[in-house]
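Hi there,

Here is the structure I promised to pass on to you.

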Amino acid sequence: DHVRKAVIAGNWKMHMTCAQARAFAASFRPLIADLPDDREVVLAPPFTAIPTLCRHLAGAGVAIAGQNVHWEESGAYTGMISAPMLLEHGVTHAIVGHSEPRKYFSETDEQINLRARTAQKTGLIPILCVGESDDQREARETERVIHRQVEQGLEGVDPLRLIVAYEPIWAIGTGKTCAAEEANRICGLIRGWVGHPEVVVQYGGSVNPATIDMLMAQSDIDGVLVGGASLDPVSFARIANYQV
Ligand code: PEP
């Protein structure tokens with residue numbers, strides 16, 4: 001019953017110079033030449049590699065995302081990047097609320113909501129990341145935490161031009177993938193909280209070529225957000241070519 005198109009997204013984090021992005025594109029392009037049309041591929045390089053990656057993946061059917069986006073369209077915000085700056089390069093998506101800026105830059109649900117709203121208003125598709133920490137999971141607060149992140153992060157946001165990524169923090173970069181059935185259960189809850197059956201809900205957290213098929217076989221997992229394994233063109237291409 002997959003009416004929703006799958007979205008396979010890679011988040012490069014603070015990896016990849018332009019030279020490395022160019023080499024990635026050269027290897028990756030032929031490996032995704034025959035992707036079935038039931039899925040979309042998105043890559044989020046560092047801001048500095050966006051023009052290079054757009055140029056070298058032109059016509060390959062890969063959408064480009066910002067790893068974050070500011071809520072103002074311009075202003076006195078040293079070090080930040082706005083939606084018009086991304087759109088000018090052909091960027092179509094923006095990750096907001098990733099656990100790393102939530103942790104290292106103390107981003108709040110309120111700021112993340114502003115980012116998501118500005119993204120949509122300017123024509124970018126926000127990829128809102130939500131997920132519980134290890135401590136929160138141990139304390140059985142998973143559902144309450146994610147419900148709050150969804151409710152506050154998505155206030156005033158249109159569910160039709162939106163991706164939500166369920167990323168349990170304990171599974172990010174740790175090699176511990178959340179069990180597929182549990183990830184599916186949480187993704188289903190998120191869909192219910194968003195309140196629209198067509199919202200695309202991804203799973204993220206140590207996704208790799210060995211776990212992708214099982215994850216994509218779940219009814220409420222519409223795609224994945226991939227960190228580490230998206231840096232290797234062969235691994236990320238295998239993930240994009242998942243089979244259910
Ligand atoms: C991420 O950062 O969004 C992520 C899921 O990372 P990894 O795949 O490396 O766990």
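Trp-12 is in contact with Ala-44, Pro-45, Pro-46, Ser-230 and Leu-231, leaving aside its neighbours within four places in sequence; two residues are in contact if their C-beta atoms, placed from the backbone, lie within 7 Å. Trp-12 lies in the loop between β1 and α1. Helices (H or I, at least four residues) and strands (E, at least two) are DSSP runs, numbered from the N terminus. Trp-12 is buried, with 23 other C-beta atoms within 10 Å. The term buried stands for 20 or more other C-beta atoms within 10 Å of a residue's own, with 12 or fewer counting as exposed, anything in between as partly exposed, and C-beta atoms placed from the backbone.

Before you go further, please note that this is a predicted model, where local features need pLDDT of at least 70, side-chain atom pairs count only at pLDDT 80 or more, and totals for chains, interfaces and linings use all residues. Residues are numbered from 1 along each chain as its sequence is written.

Now to the annotated sites. Trp-12 belongs to the UniProt annotation "binding site" (unreviewed entry), which also covers Asn-11, Lys-13, Gly-173, Ser-206, Gly-227 and Gly-228. They span 218 residues in sequence, yet no two of their C-alpha atoms are more than 13.8 Å apart, so they gather at one spot. UniProt positions are given in the numbering used here, feature names are shortened, and annotations may be inferred rather than shown by experiment.

Asn-11 sits in strand β1 (residues 6-11) and counts as buried, with 26 C-beta neighbours inside 10 Å. Neighbours within four places in sequence aside, the contacts of Asn-11 are Ala-44, Gln-67, Ile-95, Leu-225, Val-226, Gly-227 and Ser-230.

His-98 lies in the loop between β4 (93-96) and α4 (99-104), and Glu-167 in the loop between β6 (163-166) and α8 (180-194). His-98 is buried because 27 C-beta neighbours fall inside 10 Å; Glu-167 is buried, with 27 other C-beta atoms within 10 Å. Not counting residues up to four places away in sequence, Glu-167 touches Ser-99, Cys-129, Gly-131, Ile-172, Gly-204, Gly-205 and Leu-225.

Which residues come nearest to the ligand? Of the 13 around it, these are Ile-172, Gly-204, Ser-206, Gly-227 and Gly-228, where being near a molecule or strand means a C-beta atom, placed from the backbone, within 6 Å of it. By class, the shell has five nonpolar, seven polar and one charged residues. Here Ala, Val, Leu, Ile, Met, Phe, Trp, Tyr, Cys and Pro count as nonpolar, Asp, Glu, Lys and Arg as charged, and the others, Gly among them, as polar.

The buried residues of α1 are Ala-21, Phe-24, Ala-25 and Phe-28, and what covers them includes α2 (50-56) and α10 (233-240). In α8, the buried residues are Ala-183, Asn-184, Ile-186, Cys-187, Ile-190, Arg-191 and Val-194. They cover an arc of only 165° around the axis (taken from the directions from the helix axis to the C-beta atoms), which puts them on the same side of α8. These buried residues pack against α7 (142-153), β6, β7 (200-204) and α9 (212-216). Gly-195, whose phi is positive, near 85°, follows α8.

Best wishes, and happy exploring!
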